[in-house]
Amino acid sequence: MKLNLKFIKTKRKEKGYSLQYMAKALGLSNASQYYKYESGYYKLKADMLPLLATILRCKIENFFI
């Protein structure tokens with residue numbers, strides 16, 4: 001299955017969360033590191049998905065195409 005990065009970005013923007021907020025919430029060092037995950041430069045790790053779903057208030061299934 002492929003991750004729907006557009007969904008993740010859209011959901012983050014709907015919630016009004018900044019890249020820095022997301023980075024901090026996921027335990028990443030800075031906004032640019034989170035941006036690289038969201039834009040596909042880095043692959044999201046499986047253990048990040050439950051936390052990401054909680055932050056964005058959605059189901060993990062929504063992350064997949």
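This is a predicted model: local features need pLDDT of at least 70, side-chain atom pairs count only at pLDDT 80 or more; totals for chains, interfaces and linings use all residues.
Let me begin with Lys11, which, once its neighbours within four places in sequence are left aside, is in contact with Leu56, Arg57 and Cys58, where contact means heavy atoms within 4.5 Å. Residues are numbered from 1 along each chain as its sequence is written, and side-chain values use heavy atoms, with hydrogens and water left out.

Lys11 sits in helix α1, and here helices are DSSP runs of H or I with at least four residues, numbered from the N terminus. Lys11 is buried, with a relative accessible area of 18%; buried means under 20% relative accessible area, exposed over 50%, and partly exposed in between, with a 1.4 Å probe and protein chains only. The phi of Arg57 is near 55°, which is a positive value in a residue other than glycine. For background, most residues other than glycine have a negative phi.

Let me turn to the charged pairs. A salt bridge is taken as a side-chain nitrogen of Lys or Arg within 4 Å of a carboxyl oxygen of Asp or Glu, and by this rule the count comes to two. One of them joins Glu14 to Lys11, with the closest N and O atoms 3.9 Å apart. Both of these residues lie in helix α1, three residues apart, or about one turn of the helix, and Glu14 is exposed, with a relative accessible area of 57%, whereas Lys11 is buried.

In the other salt bridge the side chains of Glu38 and Arg12 meet, at 2.7 Å from N to O. This pair links distant parts of the chain, with Glu38 in helix α3 and Arg12 in helix α1, 26 residues apart. Both Glu38 and Arg12 are buried, and for Arg12 the relative accessibility is 7%. Where does Arg12 make its contacts, leaving aside its neighbours within four places in sequence? They are Tyr17, Ser18, Leu19, Met22, Tyr34, Glu38 and Leu56.

Next, the nonpolar interior. A nonpolar core is a set of buried Ala, Val, Leu, Ile, Met, Phe, Trp, Tyr and Cys residues joined through side-chain atoms within 4.5 Å. The largest such core has 17 residues, and those with the most contacts inside it are Tyr34, Leu52, Leu56 and Phe63. The elements that give two or more residues to this core are α2 (19-26), α3 (31-38) and α4 (49-56), and the largest share, five residues, comes from α4. Phe63, again leaving aside its neighbours within four places in sequence, is in contact with a set of residues including Leu3, Phe7, Ile8, Leu49, Leu52 and Leu56.

How do the helices face this interior? In α2, the buried residues are Met22, Ala23 and Leu26. They cover an arc of only 100° around the axis, which puts them on the same side of α2; the arc is that of the directions from the helix axis to the C-beta atoms. What covers these buried residues of α2 includes α1, α3 and α4. Just after α2, Gly27 takes a positive phi of about 80°.

In α3, the buried residues are Ala31, Tyr34, Tyr37 and Glu38. They cover an arc of only 115° around the axis, and therefore lie on the same side of α3. These buried residues of α3 pack against α1 (5-15), α2 and α4. Just after α3, Gly40 takes a positive phi of about 95°.

Finally, the surface. Tyr35, Tyr41 and Tyr42 form a nonpolar patch with about 370 Å² of accessible area together. Patches are made of residues with over 30% relative accessible area and no salt bridge, with like charges joined within 9 Å and nonpolar side chains (Val, Leu, Ile, Met, Phe, Trp, Tyr) within 5 Å, and accessible areas come from the Shrake-Rupley method with a 1.4 Å probe, where for residues only the protein chains shown count as cover. Tyr35 is found in helix α3 and, at 39% relative accessibility, counts as partly exposed. Lys36, also found in helix α3, is partly exposed with a relative accessible area of 33%, and Lys36 touches Tyr41 and Tyr42, not counting residues up to four places away in sequence.
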